[in-house]
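Colleague: Can you talk me through this model? I have it open here.

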Amino acid sequence: MAKFIVDCPDCKAKVAAEEKGAAIRQYSDEAGDPYGRRLQLGNCPVCNQLLVGESVQLHFEGYDSDSDVWSDPIRVYPSPPKAFSSYRIPKVLRGSLLEAEKAMQVGAHTAACVMLGRALEALCRDSIGSRSPQAVSGEVQRRIMLGTGLRQLRDLKIIDERLFEWSRDLQVLRNLAAHPDDDSSFSREDIEDMQAFTYAITEYVYDLTDRYEEFKERQEVRKRPRPSAAEMFASVRLTDGEP
Ligand SMILES: [Zn+2]
């Protein structure tokens with residue numbers, strides 16, 4: 001029976017799951033370049049957790065290779081990468097969060113840490129760029145560094161004091177990860193915490209803010225005074241009375 005190596009969230013380790021089922025979709029784009037995706041389903045051999053891994057095809061038999069070659073599977077079930085709903089979330093932020101998740105699953109903790117830092121930096125640039133009068137040009141926006149960015153987010157009241165404290169600790173970890181002379185290592189727990197806080201900040205700044213705005217709009221509509229029967233009657237008579 002075929003096995004696939006995938007990350008088990010309960011064992012917090014890579015395990016060789018026995019493949020109980022798989023599905024492949026291969027297609028080509030308009031230019032004729034082939035694409036392939038594969039899902040593999042199985043159980044964790046240690047804790048029996050259900051696991052689904054997704055791979056993308058790297059090489060294609062008869063096209064650029066003698067045989068099909070697939071990437072390492074990334075777990076998509078359970079606990080798939082968090083999905084955010086706000087359309088305002090910039091592409092670079094979404095992309096960095098996804099990269100961090102992938103890096104975590106292959107045990108690349110330092111890379112995951114750097115990616116989460118990149119995500120926070122993208123969040124700062126986007127939020128401050130659209131709110132602060134000083135950040136008028138794209139050039140200024142690109143120059144906002146993480147430390148300054150986080151402070152500005154707090155000063156502009158985009159995040160509150162507690163989120164600011166969390167984000168400062170994330171920045172410390174990110175700095176450790178980004179400097180090659182530091183041989184600090186990060187545990188999976190450190191990275192999972194960092195990811196949870198980064199998700200919380202992203203959710204607060206985008207999803208929850210959008211949702212609250214929509215909620216307020218609905219409340220406003222409800223609060224609008226409905227015309228009384230007498231007012232409606234008066235307006236009808238006025239219209240009727242016009243020649
Ligand atoms: Zn397991």
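Modeller: Helices here are DSSP runs of H or I with at least four residues, numbered from the N terminus. Bear in mind that this is a predicted model.

Colleague: Fine. What follows helix 1?

Modeller: Gly-107 comes after helix 1, and the phi of Gly-107 is positive, near 80°.

Colleague: Back up a bit. How many helices and strands are there in the protein?

Modeller: The protein has seven helices and six strands. Starting at the N terminus, the order of elements is β-β-β-β-β-β-α-α-α-α-α-α-α.

Colleague: And what share of the residues is buried?

Modeller: 25% of the 243 residues are buried. As for contacts between residues at least 6 apart in sequence, 54% of them join residues at least 24 apart.

Colleague: Which residues of helix 1 are buried?

Modeller: Leu-93, Ser-96, Leu-97, Ala-100 and Met-104. They cover an arc of only 100° around the axis, so they sit on the same side of helix 1.

Colleague: Why would residues three or four places apart point the same way?

Modeller: Because an α-helix has 3.6 residues a turn.

Colleague: What do the buried residues of helix 1 pack against?

Modeller: Helix 2 (109-131) and helix 6 (188-223).

Colleague: Now helix 2 and helix 4. At what angle do they pack?

Modeller: About 50°, with the axes of helix 2 and helix 4 (residues 146-155) 9 Å apart. That angle makes helix 2 oblique to helix 4. The crossing of helix 2 past helix 4 is left-handed.

Colleague: Which residues meet there, helix 2 to helix 4?

Modeller: On the helix 2 side, they include Gly-117, Leu-120, Cys-124 and Ser-127. Those in helix 4 include Leu-146, Gly-149 and Leu-153.

Colleague: Changing topic: Val-205. Buried or exposed?

Modeller: Val-205, which is found in helix 6, has 22 other C-beta atoms within 10 Å, so Val-205 is buried; the cut-off is 20 or more.

Colleague: What does Val-205 touch?

Modeller: Leaving aside residues up to four places away in sequence, Val-205 touches Leu-123, Ser-127, Ile-158 and Ile-159. Ser-127 is also one of the helix 2 residues that meet helix 4.

Colleague: And how far apart are Val-205 and Leu-153?

Modeller: 52 residues in sequence, and 9.7 Å in space, C-alpha to C-alpha.

Definitions and conventions: Residues are numbered from 1 along each chain as its sequence is written. This is a predicted model: local features need pLDDT of at least 70, side-chain atom pairs count only at pLDDT 80 or more; totals for chains, interfaces and linings use all residues. A residue is buried if 20 or more other C-beta atoms lie within 10 Å of its own, exposed if 12 or fewer, and partly exposed in between; C-beta atoms are placed from the backbone. The arc is that of the directions from the helix axis to the C-beta atoms. Two residues are in contact if their C-beta atoms, placed from the backbone, lie within 7 Å. Axes are lines fitted to C-alpha atoms, for helices over the stretch in contact, and angles run from 0 to 180 degrees between N-to-C directions. Angles under 35 degrees count as roughly parallel, over 145 as roughly antiparallel, 65 to 115 as roughly perpendicular and the rest as oblique. A crossing is left-handed if the near helix is turned anticlockwise from the far one by less than a right angle, and right-handed if clockwise.
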